[in-house]
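Thanks for coming, everyone. I'll take you through one protein chain, starting from a single side chain. Please keep the model in view while I talk.

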Amino acid sequence: MLANAVVAPPSLCAGHSQLSNQLLFPYKPNYGLMRARRKQKVSPLKAGFWDSIRSGFLKNNGTQVIEPPSTLPEEEEEPMPQEIVLVERTQPDGTLEQVIFSSGGDVDVYDLQALCDKVGWPRRPLSKVAAALKNSYMVATLHSIRKSPQREGNDQKELIGMARATSDHAFNATIWDVLIDPRYQGQGLGKALIEQLIRALLQRDIGNITLFADSQVIDFYRNLGFEPDPEGIKGMFWYPRY
């Protein structure tokens, strides 16, 4: 569980962040029974996302046996980063566009700065942005890749979405900095980004996932299974007093 006081670090593009005020908790699976293997693959998105999560990762709520730390066998190493084609469509000019989710953290700080500019987030020092990305437990991205039949082999790749998670690498993770290019909003890509990020965290045996949400996006996260902490808000904030 979270400690009594949660100190919220600033987002990569501080200010107009979707993840800031209210601490939200999702359904908490029994992560002691989830041993993700490298060979596991993410199934295509379905309407019953949380049902598939429960059936795919949960067995029962029996007593959890705590064993001493040991070196995991090779087949139980953390899964490799996922790369999934979420959307594929042909434009009127014949260009094929794919929207690809990746949990591999392939982010150029200048591309991220451009994306932050598009959604109206204030800029931050690029050195700190790079450090935040490097020290994140997971960085999930959405890229648009356009393949033109007239320019074969000259694909255009553009960052159109990102979210990242910090973690203690054992039990807990917190999602930060969710943003989608305004041109791609309203297409279900924000939902897909968060769902796939949660899948990737669960595959790494992280079972307690939280995030901070502004009031205007709480319903969005409720629809993904998040809910305000039913035991009362435990999150607290400490800010420098200048």
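Start at phenylalanine 212. Phenylalanine 212 has a relative accessible area of 1%, so it is buried. Buried means under 20% relative accessible area, exposed means over 50%, and partly exposed lies in between, using a 1.4 Å probe and protein chains only.

Before going on, a word on where this comes from. This is a predicted model: local features need pLDDT of at least 70, side-chain atom pairs count only at pLDDT 80 or more, and totals for chains, interfaces and linings use all residues. Residues are numbered from 1 along each chain as its sequence is written, and side-chain values use heavy atoms, with hydrogens and water left out.

Back to the ring. Which residue pairs with phenylalanine 212? It is tryptophan 176, and the two are stacked, with 5.1 Å centre to centre and 20 degrees between the planes. Rings of Phe, Tyr and Trp (its six-membered ring) pair if their centres lie within 6.5 Å; planes under 30 degrees apart count as stacked, over 60 as edge-to-face and the rest as tilted. This pair links distant parts of the chain: tryptophan 176 sits in strand β6, phenylalanine 212 in strand β7, and they are 36 residues apart. Helices (H or I, at least four residues) and strands (E, at least two) are DSSP runs, numbered from the N terminus. Tryptophan 176 has 5% relative accessibility, so it counts as buried too.

Now a second pair. Phenylalanine 237 and tyrosine 239 are also stacked, at 6.2 Å centre to centre with 5 degrees between the planes. Tyrosine 239 is at 53%, so it counts as exposed. Ring pairs link Trp176, Phe212, Phe237 and Tyr239 into a cluster. By the ring rule, the count comes to five aromatic pairs.

Next, the core. A nonpolar core is a set of buried Ala, Val, Leu, Ile, Met, Phe, Trp, Tyr and Cys residues joined through side-chain atoms within 4.5 Å. How many residues are in the largest one? It has 32, and those with the most contacts inside it are Ile175, Leu193, Ile194, Leu201, Ile209, Tyr221 and Phe226. Elements that each supply at least two residues include β3 (96–102), β6 (172–180) and β7 (208–213). Helix α4 gives the largest share, eight residues. Apart from this core lies another, of 15 residues, among them Cys116, Ala132, Val139 and Leu159. In soluble globular proteins, nonpolar side chains tend to be buried together.

Serine 136 is in the loop between α3 (126–135) and β4. Its relative accessibility is 11%, so serine 136 counts as buried. A polar contact of 2.9 Å joins its side chain to that of arginine 164. A polar contact is a pair of N or O atoms within 3.5 Å; within protein, one must be able to donate a hydrogen and the other to accept it, and residues adjacent in sequence count only if both atoms are side-chain atoms.

Aspartate 177 has a positive phi of about 55 degrees, although it is not a glycine. Aspartate 177 lies in strand β6, and its relative accessible area is 0%, so it is buried. Aspartate 205 also is not a glycine, with a positive phi of about 70 degrees. Aspartate 205 is in the loop between α4 and β7.

Let's step back to the whole chain. It has five helices and eight strands. Of its 242 residues, 44% count as buried.

Last, confidence. The chain averages a pLDDT of 78, and 68% of the residues score at least 70. pLDDT is the predictor's confidence in each residue, from 0 to 100. Where is it lowest? In helix α1 (residues 49–57), at a mean of 53, while helix α2 (residues 109–119) is highest at 97. Over residues 56–66 pLDDT stays under 50, and the model has 15 contacts for them beyond four places in sequence. Contact means heavy atoms within 4.5 Å. Where pLDDT is low, the predicted coordinates should not be read in detail.
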